[in-house]
Amino acid sequence: MKKKVRSPGSATIINAIATGFGSAFGIGLDIQCEAKTTNGSISCFNDVGADNTLMELCAKKVYSHYNIDEADFGIELKTKSSLPMASGLSSSSASSNAIVKVVSSMISEEFDLTPLDDLEVINMAIDASLEAGVTITGSFDDATASYFGGVVVTDNKNREFIINEKMDEYPILVYMPNFHSKSGDSDPERMKLLAPLVETAFGFAKDKNYLKALNLNGLIYSATLGFNSSIAIDALEAGAMASGLSGTGSSFVAIVSEESIDEVKDSWSKYEGKVIPTKVDNVGCKLM
């Protein structure tokens, strides 16, 4: 048996670390996970040289849920990514969603069991990410934006939706500098100092003023984490509708119009790194 799942990354509107409330939207960069049955073990491989701990934890949690022994049903998992790792674009959420979903689909079909529903997949993936230490808040906002696509506004502490809807399919530009920033390595206490300002930005997100929320959040977290806010401001000056730091960095995103794509690209050309074009994703995590 073979199955394949595609799971998109997401970009930040509101980083949830300061307040526990967040917002994110799906983007077209993704992780694809191919699974096939093997003899009696779980084996994990990825194309970016990352540690396989998260992949293994996700698979083992699904096996435990169904009370299936690896010796009775082996799976080989291989991921292929167009999503930069450790960049603030929810690569961990995309990977964990994809693996939990594909392993659940394989086991439920093989043993005639009920597949995990959407929120069961998401919660199991979040639990694995917390256990692996790749997230601080559990990233319910990132995980659900990746899984459902579109835009979400969430209560991360209680893993509840405030808003979950489709988003206009704007072109997106991602500026990716020549270094990475792992979410699990960030200092949450420093970020919580600016909680009152983040609450103001979150108010814009709750009112569905996503562009203004993204701009303000990006400036707040850039200042807190020591990133160069001129990257976002240059994009805005060049015609972007919104721009800011995604997650805890190191990438910046810009929501642009077709007419402003080249100008925003040019504004970022003076910075070391690369610019990746994509768009809003409203499809989410799906079997291929």
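A: A crossing of two helices is left-handed if the near helix is turned anticlockwise from the far one by less than a right angle, and right-handed if clockwise. Here α2 passes α3 in a right-handed crossing. The model is predicted, with local features requiring pLDDT of at least 70 and side-chain atom pairs pLDDT 80 or more, while totals for chains, interfaces and linings use all residues. Residues are numbered from 1 along each chain as its sequence is written, and side-chain values use heavy atoms, without hydrogens or water.

Helix α2 covers residues 91–111 and helix α3 residues 118–132; helices (H or I, at least four residues) and strands (E, at least two) are DSSP runs numbered from the N terminus. The two helix axes come within 9 Å and cross at roughly 125°. Axes are lines fitted to C-alpha atoms, for helices over the stretch in contact, with angles from 0 to 180 degrees between N-to-C directions.

On the α2 side, Ser92, Ser96, Asn97, Val100 and Lys101 take part in the contact (heavy atoms within 4.5 Å). They meet Asp118, Val121, Ile122, Met124, Ala125 and Ser129 of α3. Five of the contact residues are nonpolar, four polar and two charged (nonpolar: Ala, Val, Leu, Ile, Met, Phe, Trp, Tyr, Cys, Pro; charged: Asp, Glu, Lys, Arg; polar: the others, Gly among them).

For comparison, strands β5 (residues 151–155) and β6 (residues 160–165) pair antiparallel over five bridges. Valine 152 has asparagine 164 in β6 as its bridge partner. Pairing requires at least two DSSP bridges.
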